[in-house]
Amino acid sequence: MNYLRARGLLCLLLVAMAAVLPMGALAQDDAPDDSVPSGAESSSRAGAEESTARDGTVGGVTPSEDLEEAPAEDLTPPEELDDAPAEDLTPPEELDDAPAEDVTPPEAIEDAPMEDAPMEDSALPEASMAAGVSSWSSSAENETLDENETLDENETLDENETADENETVEVELSTTDRIWREGKNPATYTWNPQTFSGFFYDLDDDVGTETLTVHLKESGGSYDRSIKEGELEYETKADSISFDFRGWGEYQVIGFMAQKYFAGYMGTDRDVVDKEISLLDEEELREVLIDDDEEYTVDTGSVLQLEEGYEIRIKEIDLDGNKVWFALAKDGEEVDSKVIDPRDLGSSTYKYEIDLSGEDLPLVMIHVSNIFSGAETSLVTVDGIFQISDDYTTVASGDKYGDMEIDSISGDTIRMTNDNSISLRKGKSVPVMGDVSFLVADSDELRFGPTVKRTGSYEIRGTIVDPNVEEFTWTPYNFEGFYYDIDDDVGTETLEVRFTGDKVDDGDLRYKTVPQSVRFEYDDWGSYNVIGFLAEKYFAGYTDETEFTDEFGVLNEEELRKVLMDDDESYTLRSGATFPLKEGYELQIKEVDLEGNKVFLSITKDGDEVGNKVVEPGREVTGSTFTYEVEIGSEKVPIIAVHVQSVFRGREEDLATVEGIFQISDDPRSVEEGEAYDKMEIDSVSDGGIEMRNDGSFSLGRGRTVSIMENMKFRISDSDKRLVVPIVEVKGESKPMTIKIPDAVVGTPAEILVTSDGAPVIGALITINGDEAGTTDADGVFLYSPSISGSFDIEAKKDEYSEVKAVMNVTQIKEERVLAVTTPQEVMKGESFVIKATIGLDQRPVEGADIAFDDVSIGTTDSLGTASYASASVGSHVITVTKEGYEGGSRNIVVASPIVVTGLDLPETTRAGKTVKITATAENGGSVSDNTTLELKVNGVPSGSTDITVGPGETGSATFEYEPLEPGVYTVEVRGVQRTMTVEEKSSAGMVVGILILLAAIGGGAYLYSTGKLKEIAGQIKNR
């Protein structure tokens, strides 16, 4: 009966449809084809969800996904719904085209909330990175559509936009990222100073000159990892910027291979440089060494240090105090001098010029603003310094730099393309040109970006922003300073700003960072959580995918720990030796079991054992991993993990191969709510991340550098635009520096010696009781003559070196009786050097002083207080100077061998147990023959020595033999020259040859027996 009623209702429905068919046909011309494919089950959940998403709940009609659960009394059973629709139920595919009487009009349906779209009152999904201009109003925690795109909550969907899951949505590709990623960036992509912070950029003048364009090709659904010849294009164009000392006007600058170069005097005041000079016309570039408008005060007797060994000296100030006589010295030798009169721009500028194709090219310019001549002190004030390099880089058509070749130099533009194919290999740093390389992700998905090699301390900047844009967000894709893992495409930090004119109001600068999972470098360990914080990488916890420990998060303890090591390189540990880790930890072998299957490891901290464990390689990851745990909160948590790959027990020493090291700091960093970091204060800390805002407003003054939080700063251009750029200051690892202070007496020069790893440190600044005294010379020595007795605090400073302090004790004597000795710190065997004897503050020469070399007399000083000597004995020696009526003086000197090792020859690959020959090539650059002992070191362990004799100007060689016992990578070194050698498993070829010989012997015996000769041979042996 129900079936008959349903058929009647269907007939009535067909009549109604026929009446409105023309209207439906018209509507269908504009509507998307949402028909269900033939054979699809109408009652499937996918179809029901699609219908609901498109139509929502309309007046009087139950969504189709509910029909399966609660069919109407008079409706056909669910399995027959497609064939027999209910009277009041329009088929889903026709709802848009022919709305029923009680159905909401289509335009209302399209505006209605969709099941899969964010509701008006619901929070949007959380974003980890939002590139480009931000939407400030989307301030909820969960505010991004996916990991790369943000959605303004004020944005509305287009009226004609549908949520059909089969509809292809065109994704806008970014052109502002520093990392190129598949699907996120176009195939032809250009980096410029905005997207690559390595390129030269001048913020004040808003000038950046370099671009790098790559043309990628798709192949088989992904991108070809080979950049074909000519498909990488580099272009740089010279531009004008102002001297820091604005009175001089402008000069031309050009970025070349991520370095700032001087391109010419264009726009320079004609009173300073009387005609325009272009270095590009001469096909050369020179590095800009100094461009400075700081004020310096120089008194008579002191010097103003420049670069490349140059220094400005004041020879004399005239009696009226109106003019100064300048001298310029290079490596201690005077090369130029001029009288400067600061009455106008031209006459107050000192210039040191060289000839460039008949033109005078200034290498050094110094502006003098004031001269003071007093009864006791005379001073000169310098407020402008400009210096370009002595050396130059040629830029001629056809010149090659790495894989790039200059195609053309036209006017002020240099163009280069790659003359070879460049392979973007996974996990590699691929050289491109100069110090510029491509860093490629260790991933099947292609991700790469340019990087530049930097040394010492340097700055990394983000995208430059004009405050007129009002709002902007920096992410790891547009700010290289933020932590970013290119292999896993993980970056956790964002910095969002809203500008109000020339300031940032209270709370309008927001910083957020969230934990994200990355793989250990040793992949079998699984993954762990990291978090970027203040532009540095920190450990956030272990995950449920970490193989060697349980899940744990440190943010719940309101702390972070730096990741110190994450390494999958292979290292060989030897019994009796230690393997250094970070923060004073060391790993060592205590014992290998008798069968050579297990190893007993221990870990020490500052020499004291803090943990040990027996590890069995070849077992599951947990059994073959050594962990050292500390208590964090109430739990024991590993801060060091070491995976042991194999163990070897030998007759002389035991070995273990380590492949996988992970270490986090044992010194946690506190991150508690309310903690302040310069302008920023922590709003919240949870296992979901850290959020901060600025506490108080701050202005964007011209030329200011505003500290935002620790080493992260805002730099504002010294221009009306007030361009803003975030920078992070990266401090390179400092080299060690030591200072040697002798006991001194009043009126006698004392040698302050500054060294690093035994080598002299040139140009170290010496301060005495906080006052700058001067810099060390080429021997690392600064001569100081104290005028009073007492204790003096001595400090040595130099960029890239650690600062050192010491105390000098000065005693009083009434007469100048102590002789001072001056010699080079190190000389070469057979090389003549000068010994000088002086006395007094003014270093008066002492004639007729006796000189001894290791207590053997070598002569007396002449009228200049000097004597020459050449030593034939290598090593440390003592030179003493004596004279009747004086106290003798002495100085240590090192005589070095003229033999220098220049190369090593050894096989790149060999097998364990096979003896290899290693040949060292040496040259004698001196004037006498010498014999020296060369020592072979393998993995830092002395492994043999041999003597070598080389004549003056000749080349010799010495050969060592070494037998590696275990497979692995060996570092071979002779006198600082290193090579690596890969040792593979032992060959089975010897066993095969032995078997063949045995088989041949058996076969030969059988032959002799069968022919009767065996009996004959046996008889002959018996008769002997």
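1. Let's start with Glu283. Glu283 is partly exposed, with a relative accessible area of 39% (buried means under 20%, exposed over 50%, and partly exposed in between, using a 1.4 Å probe and protein chains only). You will find Glu283 in the loop between β11 (277-278) and β12 (284-292). Its phi is near 55°, a positive value in a residue other than glycine. Most residues other than glycine have a negative phi.

2. Now look at Asp331. Its phi is also near 55°, again positive without being glycine. Asp331 sits in the loop between β16 (324-330) and β17 (333-340), and at 60% relative accessibility it counts as exposed.

3. A word on the model itself. This is a predicted model, in which local features need pLDDT of at least 70 and side-chain atom pairs count only at pLDDT 80 or more, while totals for chains, interfaces and linings use all residues. Residues are numbered from 1 along each chain as its sequence is written, and side-chain values use heavy atoms, leaving out hydrogens and water.

4. Next, the chain as a whole. The protein chain has 6 helices and 79 strands (DSSP runs numbered from the N terminus: H or I of at least four residues for helices, E of at least two for strands). Of its 1024 residues, 43% are buried. The chain exposes about 52,200 Å², and carbon and sulfur atoms supply 45% of that (Shrake-Rupley method, 1.4 Å probe; for residues, only the protein chains shown count as cover).

5. Which residues have the most contacts inside the largest nonpolar core? They are Phe533, Phe662, Ile690, Met692 and Met709, in a core of 79 residues (a nonpolar core is a set of buried Ala, Val, Leu, Ile, Met, Phe, Trp, Tyr and Cys residues joined through side-chain atoms within 4.5 Å). Strand β44 (residues 635-649) gives the most to this core, with 7 residues. A second, separate core of 43 residues includes Phe200, Ile277, Ile371 and Phe386.

6. Leaving aside residues up to four places away in sequence, Met709 touches Leu495, Tyr511, Leu534, Tyr677, Asp678, Met680 and Met692 (contact means heavy atoms within 4.5 Å).

7. Finally, a sheet to trace. Five strands form an open sheet with mixed pairing, in the order β55-β62-β61-β58-β59 (two strands pair if DSSP finds at least two bridges between them). β55 (744-745) and β59 (771-775) stand at the edges, each with a single partner strand, so one side of each is left without a neighbour in the sheet. Strands β61 (residues 790-797) and β62 (residues 804-811) pair in the antiparallel sense over 7 bridges, and Ser791 stands opposite Asn809 in β62.
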